[in-house]
Amino acid sequence: MSARKGLPALSDTLLIHSRAQSGLADYCRTRGVPYDRVMRENGLDQLSAPMSLGDHISLRAHARALEVCAAYSGDETFALAWSRDMGPGRDDTVSLALRYAPDFLTALQTTARFICIVLDLAEVRARHASGSASIAFALSPELVCRDQLVDRTASKTLMRLQQVCSDGVRLSHVSLTRSRPASPQAHEAFFGVPVRFEAEVNCLRYEVDDVRQPNPLRDDDLFAALCELNRRRLDDRRRAEDFTSRVCDAIAERVSDPGLTAATVAAALAISVRALQRRLQERGQTFQGLHDAVRYRMAVDLLGYTTMSVSEIAYRLGFSATGNFSRAAKRWFGCPPSAWRLERATSGKGVPAAFASLDAASK
């Protein structure tokens with residue numbers, strides 16, 4: 001979407017494979033969730049079927065849609081239940097490679113190496129030490145709607161890795177960055193181990209006797225071919241405007257600081273302010289423009305998909321006073337933030353509206 005007068009650039013560089021939506025329509029119908037309405041309101045109603053291996057959609061829109069689905073269903077573990085009841089969804093080239101990996105450790109490392117083909121992550125790493133192994137991932141700090149996305153990503157990762165788990169590999173602990181649900185029972189029943197919520201990073205930790213125990217489905221030729229395909233796809237799929245995205249992540253991580261400057265972000269990226277400005281200028285961007293765009297995108301989600309007060313949102317976005325936030329909102333939306341939120345609620349959009357009146361919103 002191109003920028004309009006008074007609004008920051010809306011280019012969305014956070015993407016997820018379109019196959020992430022596979023099976024969601026059927027599951028929504030079983031849960032009484034108006035799938036078509038949710039997709040339309042989040043700009044995902046133009047998805048074509050079948051979804052090709054190269055198609056990607058907005059990760060932000062997908063995450064918001066999952067939160068709204070959870071609200072309509074009245075189930076704060078909606079995405080986890082989706083995985084439990086319908087599995088991880090259609091295979092992609094990464095999960096296909098895991099199926100034929102030589103052993104669990106190789107599958108773990110392959111996941112960490114190539115998962116960004118499937119969805120944009122701020123960080124992903126696999127580790128192995130004597131008797132243990134783990135895979136950890138972090139979402140972009142710019143994502144506001146994340147609880148359902150965290151559940152879906154963690155549960156799918158577990159199910160993909162189970163393909164190559166032997167008796168000598170046992171999940172021992174799960175950490176999730178999502179907010180703590182009213183009851184942890186659904187998560188502990190799904191993962192079968194203790195689950196820590198509101199963690200700093202999402203992590204699946206395993207106890208392992210032999211990470212090199214052969215995978216029964218091992219096929220070295222197929223695995224090598226799929227890894228080469230994934231390598232080429234990763235080169236082609238490098239997160240759009242990668243440097244701009246890194247700057248946006250650095251801004252979002254520090255967005256609550258009212259004194260945030262280009263110098264702070266440059267230091268976080270280990271480059272000089274001059275280099276930061278030059279590289280952004282080469283891409284037709286400025287630090288202030290990206291700062292404004294990050295605030296705008298986060299404001300949309302915080303106002304539309306949370307019940308956080310306007311003053312809290314202003315603080316969260318680094319405005320030194322609520323009035324400053326209101327002036328920015330008038331430039332972005334053409335009206336004060338409270339009026340924009342009210343308009344969305346009365347039109348049946350957003351998570352708060354769905355919670356407030358499910359019957360009215362589903363008509």
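Is Phe319 buried or exposed? Select Phe319: this residue is buried, with a relative accessible area of 12% (buried is under 20%, exposed over 50%, partly exposed in between, with a 1.4 Å probe and protein chains only).

The model is predicted, so local features need pLDDT of at least 70 and side-chain atom pairs count only at pLDDT 80 or more, while totals for chains, interfaces and linings use all residues. Residues are numbered from 1 along each chain as its sequence is written, and side-chain values use heavy atoms, with hydrogens and water left out.

Stay on Phe319 and show the loop between helix H14 (310-316) and helix H15 (322-333), where Phe319 is found. Helices are DSSP runs of H or I with at least four residues, numbered from the N terminus. Next, select Arg295, Ala314, Asn324, Phe325, Ala328 and Trp332, which Phe319 touches, not counting residues up to four places away in sequence (contact means heavy atoms within 4.5 Å).

Now turn to the cavities. On a 1 Å grid over the protein atoms alone, a cavity is a set of points where a 1.4 Å probe fits but cannot get out, and lining residues have an atom within 4 Å of a point. Points are joined across faces, edges and corners, and a volume is the space filled by probe spheres set on the points. The count is 3 cavities of 30 Å³ or more, and the largest cavity has a volume of about 240 Å³. Select Ile115, Val118, Leu119, Lys156 and Thr157, which lie nearest its centre among 17 lining residues. Helix H7 (147-161) and helix H5 (93-99) each give two or more residues to this lining, with the largest share, 6 residues, from H7.

Methods
On a 1 Å grid over the protein atoms alone, a cavity is a set of points where a 1.4 Å probe fits but cannot get out, and a pocket is an open set with protein on both sides within 12 Å along at least five of seven lines; lining residues have an atom within 4 Å of a point.
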